[in-house]
Amino acid sequence: MTPEQLYTALVDVLEALVADGAITLPDGVPTEVTVERPRQKGHGDYATNVALQLAKGAGLPPRDLATLVAQRLEAVGGIEAVEVAGPGFLNITVEAGAQGQVAADIVATGAAYGVTDTLHGERINIEFISANPTGPLHLGHTRWAVVGDAIARVLEAAGADVTREFYINDRGTQMDLFGASVEAAALGQPIPADGYQGAYIHDLAARVVDADPGITALPEGERHVAFREAAYAAQLAEQREQLALFQTHFDVWFSERTLHGSEDDTQSGVAAQLEKLRDQGHLFDEDGALWMRTTDFGDDKDRVLIRSNGHLTYFASDTAYYVNKRQRGFDRCIYLLGADHHGYVGRLKAMAACAGDDPESHIEVLIGQLVKILKDGEELRLSKRAGTMVTLDELVELIGVDPLRYTLARYPADSPLTLDVAEMTKQSADNPVFYVQYAHARISSILRNAVALGLEPAKGEDFDPGLLTHEKEGVLLRALAEFPRVVASAAELREPHRVARYLEDTAGIYHRFYDNCRVLPMGDEEPSDLHRARLLLVAATRTVLANGLALLGVSAPERM
RNA sequence: GCCCUCGUAGCUCAGCUGGAUAGAGCGCCGGACUUCUAAUCCGAUGGUCGCAGGUUCGAGUCCUGCCGGGGGCGCCA
């Protein structure tokens with residue numbers, strides 16, 4: 001009996017009570033009935049607060065309503081006992097047999113266990129990182145890489161059609177400055193004052209010249225462009241390598257340049273695209289500039305799209321890019337932005353509204369807090385400009401892909417994070433990722449040993465779910481049954497850290513089960529149905545741990 | 001000044017979108033391996049959930065105000 005089945009049974013009971021005239025529900029049977037695992041022992045296997053929520057509408061004292069529901073619920077197959085507690089909670093105890101069946105279902109479903117259809121049919125574009133191609137990816141980007149990727153995976157598990165997109169700001173002043181910086185480095189000249197200063201600039205310069213020794217001899221105008229383009233290509237390639245190393249995949253690398261028709265701003269595709277928005281009635285010309293009246297939709301000021309000097313603003317590109325995404329058929333455009341960009345949210349939403357869309361459904365901006373990194377008690381500055389930074393590669397080398405991904409995935413993106421370099425580097429046994437992975441490795445070991453013994457998990461008619469009656473088995477079964485709901489809510493709320501927390505919880509429950517319940521026969525003990533049933537439970541646990549880790553992009557090792 | 005965000009154990013943080021006696025890890029103290037991986041488990045310690053009001057059967061969670069940390073407010077990118 002899964003929480004979903006229990007939920008269905010509960011709704012059926014409520015509807016039957018209404019049909020019989022035993023109760024009246026002015027607002028009908030609620031669609032969101034909560035069935036949850038009680039925190040407290042002694043509160044049954046599952047608990048629900050429906051009676052408390054419906055009491056007022058039904059005009060009954062909560063405990064009276066609870067009693068009515070309890071009587072009928074108790075008669076449902078698979079439910080052993082229902083008890084009214086406290087102000088009107090229903091504490092439900094499930095029959096061991098009904099509960100144990102989950103293990104067989106999980107093993108049969110395999111890698112698809114946890115997949116639901118709650119977001120079926122939604123076409124979602126999720127854009128994250130979108131770093132300028134003017135330097136290596138660093139710690140700041142690392143968090144978005146992990147969180148964005150994990151959100152995408154979780155959304156897919158919930159049935160959505162997801163496209164992961166990386167927007168390349170390969171156009172404009174910063175690119176020119178970047179090119180000029182590399183060029184200066186190559187020519188042995190001082191880097192421009194507001195240029196890029198890091199050591200990596202000199203590395204890039206050396207690489208560019210190595211690949212094309214004649215580049216320094218080009219006429220100045222050509223040389224500027226050649227350096228910019230070569231440095232851009234090299235830097236973008238490096239970012240892609242960094243992300244590949246970090247197990248983060250993008251479906252679309254979207255170049256800002258492709259939005260523009262030509263170098264001439266006012267004749268560009270963006271300008272043409274923007275003109276289409278004029279029909280919506282929110283564009284106006286003033287002081288020689290083209291504006292979007294975002295204040296029509298709650299923004300605190302109107303925004304310039306084309307400056308009076310004819311140059312496009314970044315916001316113009318952002319607008320055209322959004323329209324482009326919508327034209328590509330995405331129902332929902334998710335943006336992952338750092339807290340330092342949260343001022344954009346209002347204008348992005350207003351922009352979507354100005355484009356004739358619903359800012360509540362078509363555009364969604366997730367704000368993530370920045371990661372701080374301490375070394376020897378001091379915060380490292382992560383500015384590319386300053387040239388001091390911890391790159392993604394360095395972090396991966398220092399900490400490892402799995403611990404790094406997991407550490408960043410286990411916190412909500414909107415909570416500020418302070419990580420200490422010493423803490424992170426010394427993390428070996430202390431890291432929660434190992435706790436979860438270890439549970440998986442331990443299970444894998446048992447399954448290997450079982451094979452050596454010629455013992456197979458119970459299946460089909462041979463599996464008697466009623467054998468799994470130990471308290472630790474019950475707790476584990478209920479935890480495993482919870483997984484699809486956890487994934488679905490992680491997707492709905494865009495909070496993949498719930499998966500990580502769930503895995504830690506479940507791994508702990510497994511470790512305690514392991515401590516109390518012997519799985520394999522000891523010595524020359526004859527293998528029994530209980531051994532085989534437990535083997536199935538263990539296999540189901542491994543499936544859940546492996547599926548959960550996969551959603552976070554973390555490996556599930558067979559041995560540790 | 002206006003807006004956003006955060007404030008929970010000594011430290012780092014959860015808290016299932018309002019539920020029952022607020023949790024975990026680390027740290028500290030004490031236990032458990034001749035049988036499936038001790039990267040584990042068991043016990044102990046630890047809290048005016050920033051402060052004050054409000055909403056209701058019930059608030060760490062929602063509303064208002066205040067205090068404190070971080071961030072954002074350009075015809076910049």
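Guide: Helices (H or I, at least four residues) and strands (E, at least two) are DSSP runs, numbered from the N terminus. Taking the span 436–560, 67% is helix and 0% strand, and its end C-alpha atoms lie 11 Å apart. This is a predicted model, where local features need pLDDT of at least 70 and side-chain atom pairs count only at pLDDT 80 or more, while totals for chains, interfaces and linings use all residues. Residues are numbered from 1 along each chain as its sequence is written, with chains lettered from A and ligands numbered from 1 in the order in which they are written.

Visitor: Which annotation covers residues 436–560?

Guide: UniProt positions are given in the numbering used here, feature names are shortened, and annotations may be inferred rather than shown by experiment. In this case the unreviewed UniProt entry carries "domain: DALR anticodon binding" for that span.

Visitor: How many helices and strands does chain A have?

Guide: Chain A has 18 helices and 15 strands. Its C-alpha trace spans about 85 × 65 × 40 Å along the principal axes.

Visitor: Which domains does the assignment give for chain A?

Guide: Domain bounds come from an automatic or database domain assignment. Here these are domain 1 (3–94), domain 2 (123–169 + 247–368), domain 3 (173–244) and domain 4 (430–551). The C-alpha centres of domain 2 and domain 3 are 27 Å apart.

Visitor: How many residues of domain 2 are in contact with domain 3?

Guide: Two residues are in contact if their C-beta atoms, placed from the backbone, lie within 7 Å. Ten residues of domain 2 meet 13 residues of domain 3 in this way. On the domain 2 side, six are nonpolar, four polar and none charged. For these classes, Ala, Val, Leu, Ile, Met, Phe, Trp, Tyr, Cys and Pro count as nonpolar, Asp, Glu, Lys and Arg as charged, and the others, Gly among them, as polar.

Visitor: Which residues come nearest to RNA strand B?

Guide: A residue is near a strand if its C-beta atom, placed from the backbone, lies within 6 Å of it. Of the 66 residues around RNA strand B, the nearest are D287, G343, S415, Y438 and S445. Elements that give two or more residues to this surface include helix 2 (50–58), helix 15 (432–453) and helix 17 (497–516). Helix 15 gives the most, with nine residues. By class, the surface has 26 nonpolar, 26 polar and 14 charged residues.

Visitor: Is A490 buried or exposed?

Guide: A residue is buried if 20 or more other C-beta atoms lie within 10 Å of its own, exposed if 12 or fewer, and partly exposed in between, with C-beta atoms placed from the backbone. A490 is buried because 27 other C-beta atoms lie within 10 Å. A490 sits in helix 16 (residues 471–493). Leaving out residues up to four places away in sequence, A490 touches V154, E495, P496, R498 and V499. Over chain A, 43% of the 560 residues are buried.

Visitor: In which sense do strand 5 and strand 6 pair, parallel or antiparallel?

Guide: Two strands pair if DSSP finds at least two bridges between them. Strand 5 and strand 6 (residues 161–168) are parallel, over five bridges, and I126 stands opposite R164 in strand 6. Strand 5 (residues 123–127) has four of its five residues buried.

Visitor: What is the order of the strands in the open sheet of four?

Guide: The order is 1-2-4-3, with antiparallel pairing. Strand 1 (35–36) and strand 3 (79–85) are the edge strands, each pairing on one side only. Strand 1 joins strand 2 (residues 46–48) over two bridges, and V35 stands opposite T48 in strand 2.
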